[in-house]
Amino acid sequence: MTTTYAVLSEGLHKRYGEVHALRGLDLAVPEGTVCGVLGPNGAGKTTAVRVLTTLTAPDSGSARVAGCDVVRDPAGVRRRIAVTGQYASVDGELSGAENLRLFAKLLRAPRARAGELLEQFGLAEAADRPARTYSGGMRRRLDLAASLLVPPKVLFLDEPTTGLDPHSRSGIWDAVRGLASQGTTVLLTTQYLEEADQLADDIVLIDEGRAAHRGSPAELKAMIGSYAQVVVADPAHLESAAAVLDQLTGSAPALDAERRTVGAVTTDPTLTLPRVVREIDAAGVPVVDASLRPPTLDEVFLRLTDRKELAV
Amino acid sequence: MSALAHDGTAVLGRHLQRIRRAPAILVMTQTMPIVFLLFFGYVFGSALAMPGADYRSFLVPGMLVATAANGIMTGMFQAAQDSHRGVMDRFRTLPMSRAAVPLGQALADLVTSAAGLVPLILVGLAMGWRIEGAALEAVGAFGLLLLFRFAATWVGILLGLASKSEEAAGQLGSATFMLPLLSNAYIPVEGMPGWLRTVAEWNPISAVTTAVRELFGNASVPADAAWPVTHPVAGALLWSLALIALCAPLAVRRYARG
């Protein structure tokens with residue numbers, strides 16, 4: 001059986017003046033899966049979504065979404081997708097109900113669908129209030145509801161939970177899981193490792209406009225391991241602590257003299273925090289603080305892209 | 001074409017709903033011409049060589065046309081404001097006609113400006129202005145006013161979509177209040193220096209104003225003037241249709257490009 005791809009892009013390039021937002025982005029999202037596009041601010045996530053949803057034409061490269069070419073058949077793409085933007089793509093002056101009825105009319109969806117969705121997304125009570133009076137979470141839900149008036153083949157979500165509180169975030173996550181279980185292909189961008197982990201079947205890490213790494217959340221986590229970090233009392237001991245950490249983790253430690261920290265990535269699941277502290281203490285280095293935790297997204301990037309620091 | 005009509009009507013509905021929720025802006029844009037009419041009619045009118053009552057009859061049609069020309073300002077401001085809203089991205093990703101969004105805006109403006117004619121006409125009547133010609137010609141005058149308003153709005157939409165920011169659009173838009181000053185809308189152009197008079201007579205507002213004055217039976221067409229003023233109805237129609245034919249496709253293209 002051959003895999004059918006709901007999103008397939010090759011060598012997408014897009015430049016805005018001096019900024020080279022996409023530098024040969026390849027994406028392949030199998031039908032019926034959730035793909036998490038993960039990257040820091042400025043990695044090209046939003047530009048990727050804008051190109052794939054026909055909002056912006058690429059400078060070069062090609063992309064097909066739901067079988068239609070984004071440049072040659074944008075109307076075909078638009079008939080098969082829905083987009084929920086990073087900034088609420090609803091009219092703030094109109095009420096929730098008016099927004100959904102307007103989009104329902106434009107999509108030739110039954111008017112009653114608007115009411116159903118308001119109910120489903122817990123917006124029935126606020127239906128007649130202007131959307132600008134909604135909380136961040138309510139606006140995102142309204143935005144998502146607007147994308148579901150006609151079930152799309154591919155749903156694009158650009159940072160659907162950025163700026164939301166944990167409760168609102170889990171509400172959006174539940175909605176996305178529900179859609180995925182019904183077979184909708186979802187491409188979502190996020191800055192949160194946890195979000196991609198929770199929702200995505202596959203994760204694509206993008207950095208400087210191209211895919212830096214791809215894999216399942218489990219593969220990604222196994223590959224990046226955990227981050228061991230100790231704070232020493234005296235900066236003079238940093239080198240000795242680093243030598244021990246090097247031996248324990250087998251990866252090159254990063255030193256920060258100012259913060260008196262030394263840290264290294266480990267992919268050894270048997271390495272424990274007490275052992276790290278014990279070994280460093282045994283080397284005659286007083287330890288003030290220590291931690292062993294999953295790496296932050298920034299650390300993942302530094303590791304996977306072999307760079308010293310992140311471009312902001 | 002029917003898709004455009006369907007989608008354009010939906011967008012028109014959006015604009016009317018917005019106005020219903022925030023009527024203050026509309027009230028202000030409708031009140032300004034009335035204030036101007038009273039101000040020009042009684043403050044400047046009293047000092048002009050033309051006897052006051054005559055000047056006010058001369059001024060009312062001019063003010064109707066100048067108000068129609070305000071479509072540039074409102075169209076521009078609205079389009080610039082909208083173009084920075086997230087909802088535009090949703091419109092652009094919907095399988096809808098590319099022309100529907102600007103068309104819906106232009107149609108909504110036409111509806112509100114037609115309604116705005118009523119209070120302005122009533123104040124004009126109170127100031128002593130009268131429709132002195134045939135009823136059919138008066139209907140033609142109203143038709144010309146709305147057509148010119150529609151054209152001005154398309155000019156505004158194009159400029160608004162092309163402008164870098166809302167502020168820039170606001171400033172440039174406000175500057176358009178000078179356009180009727182360089183025409184025969186407020187004062188006769190006969191006294192202007194030659195070159196300025198030529199500029200004023202080729203201002204589309206002059207052709208439309210002359211046409212409206214003629215159709216309302218307020219003044220006869222001057223014999224010695226630039227072609228659009230000596231053939232005012234044809235001039236007004238040509239100016240309006242040319243502006244629509246030029247600006248509407250460009251505005252649609254500008255909107256579609258995002």
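# A guided tour of chains A and B

Begin by selecting helix 1 of chain B, which has 20 residues and reaches 29 Å from its first C-alpha to its last, close to the 28 Å expected at 1.5 Å a residue. The model on the screen is a predicted one. Within this helix, colour Asp7(B), Gly8(B), Ala10(B), Val11(B), Leu12(B), Arg14(B), His15(B) and Arg18(B), which are its buried residues. An α-helix has 3.6 residues a turn, so residues three or four places apart point the same way.

**The contact between the chains**

Next, display the residues at which the two chains touch. Chain B contributes 18 residues to the contact, and chain A contributes 24 residues. On the side of chain B that touches chain A, helix 1 (2–21) and helix 5 (86–93) of chain B are the elements giving two or more residues. Helix 1 of chain B provides the largest share of that side, with 7 residues. Colouring the side of chain B by class shows 6 nonpolar, 5 polar and 7 charged residues.

**Annotated spans in chain B**

Remain with chain B and turn to the record. An unreviewed UniProt entry lists residues 24–45, 57–79, 100–127, 139–161, 168–187 and 233–252 of chain B under "transmembrane region". Two of these spans may be selected in turn. Residues 57–79 of chain B are 96% helix and 0% strand, and their end C-alpha atoms are 35 Å apart. Residues 100–127 of chain B are likewise 96% helix and 0% strand, with 40 Å between the end C-alpha atoms.

Then move to Thr198(B), which belongs to helix 9 (residues 194–202) of chain B. Is Thr198(B) buried or partly exposed? Thr198(B) counts as partly exposed because 14 other C-beta atoms lie within 10 Å, whereas a buried residue needs 20 or more. Select Ala225(B) as well: this residue is 27 residues from Thr198(B) along the chain, and the two C-alpha atoms are separated by 8.2 Å.

**Chain A as a whole**

Now hide chain B and view chain A alone. Chain A contains 11 helices and 14 strands, and its C-alpha atoms fill a box of roughly 75 × 45 × 45 Å along the principal axes. Of its 312 residues, 44% count as buried. Consider the contacts in chain A between residues at least 6 apart in sequence: 66% of them join residues at least 24 apart.

Select strand 7 (residues 154–158) of chain A. Why is this strand largely enclosed by the rest of the structure? The reason is that 5 of its 5 residues are buried. Val154(A), Phe156(A) and Asp158(A) point one way from the strand, while Leu155(A) and Leu157(A) point the other way.

Strand 6 (residues 81–84) of chain A pairs with it in the parallel sense over 4 bridges; here Ile81(A) has Val154(A) as its bridge partner. Strand 8 (residues 185–190) of chain A also pairs with strand 7 in the parallel sense, over 5 bridges, and Leu188(A) in strand 8 stands opposite Leu157(A). Finally, include helix 6 (residues 166–181) of chain A: strand 7, this helix and strand 8 make a right-handed β-α-β unit.

**An antiparallel sheet**

Another sheet of chain A is open, with 4 strands in the order 2-1-4-5 and antiparallel pairing. Which strands lie at its edges? Strand 2 (19–30) and strand 5 (68–69) of chain A are the edge strands, each pairing on one side only. Select strand 1 (residues 5–16) of chain A together with strand 2: the two run antiparallel and are joined by 9 bridges. Arg15(A) has His20(A) in strand 2 as its bridge partner.

**Two loop residues**

The tour ends at two residues with positive phi. Arg108(A), in the loop between helix 3 and helix 4 (112–120) of chain A, has a phi near 55°, although it is not a glycine. Arg108(A) counts as partly exposed because it has 13 C-beta neighbours inside 10 Å. Glu208(A) is in the loop between strand 9 (202–207) and strand 10 (210–215) of chain A, and its phi is about 45°. With 17 C-beta neighbours inside 10 Å, Glu208(A) also counts as partly exposed.

Terms used
Residues are numbered from 1 along each chain as its sequence is written. Chains are lettered from A and ligands numbered from 1 in the order in which they are written. This is a predicted model: local features need pLDDT of at least 70, side-chain atom pairs count only at pLDDT 80 or more; totals for chains, interfaces and linings use all residues. A residue is buried if 20 or more other C-beta atoms lie within 10 Å of its own, exposed if 12 or fewer, and partly exposed in between; C-beta atoms are placed from the backbone. Two residues are in contact if their C-beta atoms, placed from the backbone, lie within 7 Å. Ala, Val, Leu, Ile, Met, Phe, Trp, Tyr, Cys and Pro count as nonpolar, Asp, Glu, Lys and Arg as charged, and the others, Gly among them, as polar. Two strands pair if DSSP finds at least two bridges between them. A crossover is right-handed if, with the strands pointing away from the viewer, the path from the first strand over the helix to the second runs clockwise. UniProt positions are given in the numbering used here, feature names are shortened, and annotations may be inferred rather than shown by experiment. The expected span of a helix is 1.5 Å times one less than its number of residues.
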